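Thanks for opening this one up with me.

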Amino acid sequence: MAKTAVAVRHVHFETLGTFEQVLADAGYDLNYLDAGQDALTIDATKPDLLVMLGGPIGVYETDIYPVLRDELALIRARLASGKPLIGICLGAQLIAAALGAKVAATGIKEIGFSPLTLTEQGAKSPLRHLDGVHVLHWHGDAFAIPHGAAHLASTPVCATQAFALGSNVLGLQFHPEADTTHDLEPWLIGHAAELAGAKIDPRVIRQDARRHGPALAKAARAMFAEWLASTT
């Protein structure tokens, strides 16, 4: 029987990207739930893997976007189950918030490609595959490392780029999953207003994607495959 993965998506083009093939190779059937459209009242313990994806809203905007309350409830139930959970960008911020950590605007838009600096624990984790690799960043908020979690990576702009809580919970501020070789244009179009507001030229991101995209895809798939295999 195939294993099941459920990914909560906030904008249609921010999918699991290059991670989809890793899941397929590992025998998972993947289903997306669209926040604000699909009911998020699923049994949090049922999927073999739960993924919380990125999006352009803030964890602290629950009054403006009430669906965030449903997501936090889903995450808390998942955390209580002890089953595998991974969050990317907003998804990682939601997990951090559910664990009691602060999430706030940084005042700086970190958008584009740059490498991570791994901590000692990060270098021993599946993130070791990303050492020296330019990953895609796309955020203006950041999480504090939750109590009891391991701090895995940083950049000069954002000190808290990744955390792990045991072997089954992983939060990533950056976007290793993005297929920047084949599916970058929807990101540039969908976030055009944000790029313009931050005075970031999409042509620079497009050029950097051609330079760094293939290496990122290879390293990120290896990272995700190792993490997936390590979950219990």
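**Notes for a first look**

1. Leu 165 is partly exposed, with a relative accessible area of 26%. The terms work like this: buried means under 20% relative accessible area, exposed means over 50%, and partly exposed is in between, using a 1.4 Å probe and protein chains only. Leu 165 belongs to strand β9, residues 162-165. Helices (H or I, at least four residues) and strands (E, at least two) are DSSP runs, numbered from the N terminus. The C-alpha atoms of Leu 165 and Val 6 are 20 Å apart, although 159 residues separate the two along the chain.

2. A word on where this comes from: it is a predicted model, in which local features need pLDDT of at least 70 and side-chain atom pairs count only at pLDDT 80 or more, while totals for chains, interfaces and linings use all residues. Residues are numbered from 1 along each chain as its sequence is written, and side-chain values use heavy atoms, with hydrogens and water left out.

3. Do have a look at helix α7, which covers residues 202-230. Its 29 residues put the end C-alpha atoms only 37 Å apart, short of the 42 Å that a straight helix would reach at 1.5 Å a residue. That expected span is 1.5 Å times one less than the number of residues. Where does α7 bend? The bend, of about 55°, is at His 212, and a proline, Pro 214, follows within four residues. Here the bend at a residue is the angle between axes fitted to the seven residues ending there and the seven starting there.

4. The N-terminal end of α7 is capped by Asp 201, with a side-chain oxygen 2.9 Å from the backbone nitrogen of Arg 203. For reference, a polar contact is a pair of N or O atoms within 3.5 Å; within protein, one must be able to donate a hydrogen and the other to accept it, and residues adjacent in sequence count only if both atoms are side-chain atoms. In the loop between α6 (192-197) and α7 you will find Lys 199. Lys 199 has a positive phi, near 55°, in a residue other than glycine, and it counts as exposed at 76% relative accessibility.

5. How many disulfides are there? The count is 0, where a disulfide is a pair of cysteine sulfur atoms within 2.5 Å. For Cys 89, the closest cysteine sulfur is in Cys 158, and at 9.6 Å it is too far for a bond. Cys 89 is buried, at 4% relative accessibility, and Cys 158 is buried too, with a relative accessible area of 4%.

6. Helix α3, residues 90-98, is mostly covered, with 9 of its 9 residues buried. Among them are Leu 90, Gln 93 and Ile 95. Just after α3, Gly 100 takes a positive phi of about 95°.

7. Next, the largest pocket, which holds about 280 Å³ of space. Of its 21 lining residues, the closest to its centre are Gly 55, Pro 56, Lys 109, Gly 140 and Glu 194. On a 1 Å grid over the protein atoms alone, a pocket is an open set of points where a 1.4 Å probe fits, with protein on both sides within 12 Å along at least five of seven lines; lining residues have an atom within 4 Å of a point. At least two lining residues each come from α3, β5 (103-115) and β7 (134-143), and β7 gives the largest share, 4 residues.

8. Lys 109, from that central group, is found in strand β5. It counts as partly exposed at 42% relative accessibility.

9. Asp 179, in the loop between β10 (169-172) and α5 (185-190), is buried at 17%.

Terms used: Grid points are joined across faces, edges and corners, and a volume is the space filled by probe spheres set on the points.
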